[in-house]
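Here's a quick tour for anyone meeting this structure for the first time. Have a look, then read on.

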Amino acid sequence: MNASAISLPHGHDGHSHSHDDGHHDGHGHHGPVLQYQPGLPLSRGKLIMWLFLSTEIMFFAALLGSYVVLRFGAPVWPKPHHVHLSEPIGAFNTFVLICSSVTIVLALESARANKAGQAKLWMLLTLLLGTLFLGVKGYEYQAKFSHGIFPQSPRSRIYEKPDLYYGSAVRARLGDPVIIDKLKELDDTPADKLTAEQVSARARLQQIRKMVASPEQQAFDLAVVADQVMPLPTEGPGGSHAGDGGGHGGHASGLNDIFPWLKLPAVIPGGNMWASTYFLLTGFHAIHVLVGLIVFTILLGYKLGPKDAGKIENAGLYWHFVDLVWIFLFPLLYLF
Amino acid sequence: MSDHDIHAAHAHGPITRVGDIPAHDDHDHAGHAHESGHDQGHGGIGKYLLVFLALCGLTTMSFLTYSSVWPWRDQPHVGWAFMMAVSCTKAMLVVLFFMHVFWEANWKYVLTIPAAMMAIFLALMLVPDVGMRNRMVSQERALHMARTSDVRLMEQAAEAKALAELAEPAAH
């Protein structure tokens, strides 16, 4: 509630002159004079929105806090390139969200200035930018899924280290009847029907098939297998990231990339915890974006004149908060 | 959030922001949905665009740590501290100007400071149980968790492959 009844002693309220001369404006009794006074100088909707946002601050603080604590407490954490994160895409998404924050502010200003048409246009633009953000996010998720990075097994094909468990997982995958057929097909394909890259990859695949089946297998052999399946991109000593976008430039990309049906287990040290935190944080953020988009769609049904400015302001407050969370998520996930 | 409430907020000048001129002309606003009078002479599209440009500039700055121009590549902590400073600046800009907190009355402290303190304590509470969970681990867990030695093993495998590829053309 925005207004609370406050009893004021005689002579202290704005109508004191009428009390001083003994009359009580026809009240006829000597009870306290009640007057409405707002509890906080803001509208009810905005108060509720801010209360909600203060709970949201704690919600995301818990998520971000656990991420930071998990990440810095972990003995090994994957580098952004190990888990196929692309910094330019993340920076682009940051830019998209900042733009959408500006457009919703402009929608509010237009509505206050009684320019309903303009307000609608800005609102529509905000909706489109939010959708673009989710689209890019979906594309990024797809890049993770295609590399077998899921938050949980059985879908996740990420192993923490090239140990015996990893070796047996690779053997199990190679022993899958579907894969056996595919491998036979690949072995029987004449070399001139394959690209040079595929021929070289086929030779390497045959080599690792022998390696995982060998009884005198060494830990280093399994590291070689893991490196062949999905190499961990390295940063050049000069800090050059050129060509790192899709793994190593050209010939050095993993067998999983060259033969997408292969879907062999891969090794990313620390990758499982990374996947859990990444999908949890970005997933909750994406849900918040989605809710914002629903709110904008509903608001587009209004006239968006000065009378709706309060609604736009509240939706905007929520949207800026979503932007705020991403401002912290982007460097923490993509650049740390 | 009816007009009445908003108008009621206006009618009581003394509760608005400290230093605010008491709104004597609030009857002029009767038909408008202006709230708390914060948008009078404060907002302005120019100011928002300025904040937008600052946000873009700051995003570029944090992106700088990723580029090859960044001089402290071998000391990641420098980059982390820098990025957090940039993020906090960006967050302050968004909260103060886009969320209008800069122009709000003192209620903003009531809602934001306790929430912020709770947020900080929440994160700190996680440190002993979660952050230090790997200080003492069982032998079995140590056996199965990834360690820096595994990363080194992977790097050695990659190096061995690179050497083999260098040798390959020579053999032909």
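## The largest pocket

By class, 29 nonpolar, two polar and one charged residues line the largest pocket (Ala, Val, Leu, Ile, Met, Phe, Trp, Tyr, Cys and Pro count as nonpolar, Asp, Glu, Lys and Arg as charged, the others, Gly among them, as polar). This is a predicted model, where local features need pLDDT of at least 70 and side-chain atom pairs pLDDT 80 or more, while totals for chains, interfaces and linings use all residues. Residues are numbered from 1 along each chain as its sequence is written, chains are lettered from A and ligands numbered from 1 in the order in which they are written, and side-chain values use heavy atoms, leaving out hydrogens and water.

Of the 32 lining residues, A:Ile57, A:Phe328, B:Ala91, B:Ala116 and B:Ala119 sit nearest the centre. Helix α2(A) gives the largest share, 10 residues (helices are DSSP runs of H or I, at least four residues, numbered from the N terminus).

## A buried aspartate

B:Asp150 belongs to helix α6 (residues 148-171) of chain B. B:Asp150 is buried, at 8% relative accessible area (buried means under 20%, with a 1.4 Å probe and protein chains only). Skipping neighbours within four places in sequence, B:Asp150 is in contact with A:Lys161, A:Pro162 and B:Met145 (contact means heavy atoms within 4.5 Å).

## An enclosed helix

In chain A, helix α3 (residues 87-112) has 26 residues. Of these, 22 are buried, so α3(A) is largely enclosed by the rest of the structure. After α3(A) comes A:Asn114, with a positive phi near 65 degrees.

Conventions: On a 1 Å grid over the protein atoms alone, a cavity is a set of points where a 1.4 Å probe fits but cannot get out, and a pocket is an open set with protein on both sides within 12 Å along at least five of seven lines; lining residues have an atom within 4 Å of a point. Helices (H or I, at least four residues) and strands (E, at least two) are DSSP runs, numbered from the N terminus. Buried means under 20% relative accessible area, exposed over 50%, partly exposed in between (1.4 Å probe, protein chains only). The expected span of a helix is 1.5 Å times one less than its number of residues.
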